[in-house]
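My notes follow the display.

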Amino acid sequence: MWCWRIPPFGGKERKEVQQNFPIKTGETAFLFLQHFIRMLKAGGRAGVVIKNTFLSNTDNASVSLRKLLLEDCNLHTVLDLPGGTFQGAGVKTVVLFFDKGAPTRKVWYYQLNPGRNMGKTNPLNDNDLAEFVALQKTKADSQQSWTVDVSGIDTRTYDLSVKNPNSGDEKVLRSPEEILDEIAALDAESAEVLVAIRGLL
């Protein structure tokens, strides 16, 4: 069985509706995702478009739903789409491809970059997806794709954020000590300037 869905974004459901789901949340997209997982038979496959913040949100429902997805399904592919792919969504989206019946071992990510702004007059086309389709068959690594082993994912958060290790544009973060040293140096400089100004008054 194959299931392809785009759940509604930004909607909220009443408490009575939430009672029908094991993971309680008012977010309609999260309820739909639970519904898709539940309706799939073992071996069933799904592709679900969802806002990309789902991959990293820290609220209880998001964390629990990611845990459910990884434990009850094989989330084999995450397609990261550029902003503007879906008109009216108002948010960046990803497509989650998963099979039900076996836990996730590895997740293959592909970061789609068509090299242009997406929109109503410039929609996504087959050519934009050609490389994704070709690489997805073997889950090959490239500048736009990489694989994450689920054994390395933090089980407190189940964070599945899209972080392309091949992009080459990651900033090197300074250590807290370096930042504090710079603040202390700037404070000392400011104090000297203030002393000089007071001497002029």
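I began with Asp-80 and Lys-92, whose side chains meet in a salt bridge at 3.7 Å, N to O. The model is predicted, so I read this as a computed value. The pair links distant parts of the chain, twelve residues apart. Asp-80 sits in strand 3, and Lys-92 in the loop between strand 3 and strand 4. I checked burial next. Asp-80 is buried at 4% relative accessible area, while Lys-92 is partly exposed at 33%.

How many salt bridges are there in the count? I noted four.

Another joins Asp-128 and Arg-116, with the closest N and O atoms 2.8 Å apart. Asp-128 lies in helix 4 and Arg-116 in the loop between strand 5 and helix 4, so this pair ties together parts twelve residues apart in sequence. Asp-128 counts as buried at 13%; Arg-116 is partly exposed at 25%.

I also looked up Arg-156 and Asp-154, which form a salt bridge at 2.7 Å, N to O. Here Arg-156 is exposed at 69%, and Asp-154 is partly exposed at 31%.

Then I turned to helix 4, residues 126–136. Its buried residues are Asp-128, Phe-132, Leu-135 and Gln-136. They lie on the same side of helix 4, because they cover an arc of only 105 degrees around the axis. On the other side, Asp-126 and Asn-127 are exposed.

What covers the buried residues of helix 4? I found that the cover includes strand 3, strand 4, strand 5 and strand 6.

Last, I checked the N-terminal end of helix 4, which Asn-125 caps. A side-chain oxygen of Asn-125 lies 2.9 Å from the backbone nitrogen of Asn-127.

Technical notes:
Residues numbered from 1 in each chain as written. Predicted model: local features only at pLDDT ≥ 70, side-chain atom pairs only at ≥ 80, totals over all residues. Heavy atoms only, no water. Buried < 20%, exposed > 50% of the residue type's maximum accessible area, 1.4 Å probe, protein only. Helix = DSSP H or I, 4+ residues; strand = E, 2+ residues; numbered from the N terminus. Arc of directions from axis to C-beta. Contact = heavy atoms within 4.5 Å. Polar contact = N/O pair within 3.5 Å; in protein donor to acceptor, adjacent residues only side chain to side chain.
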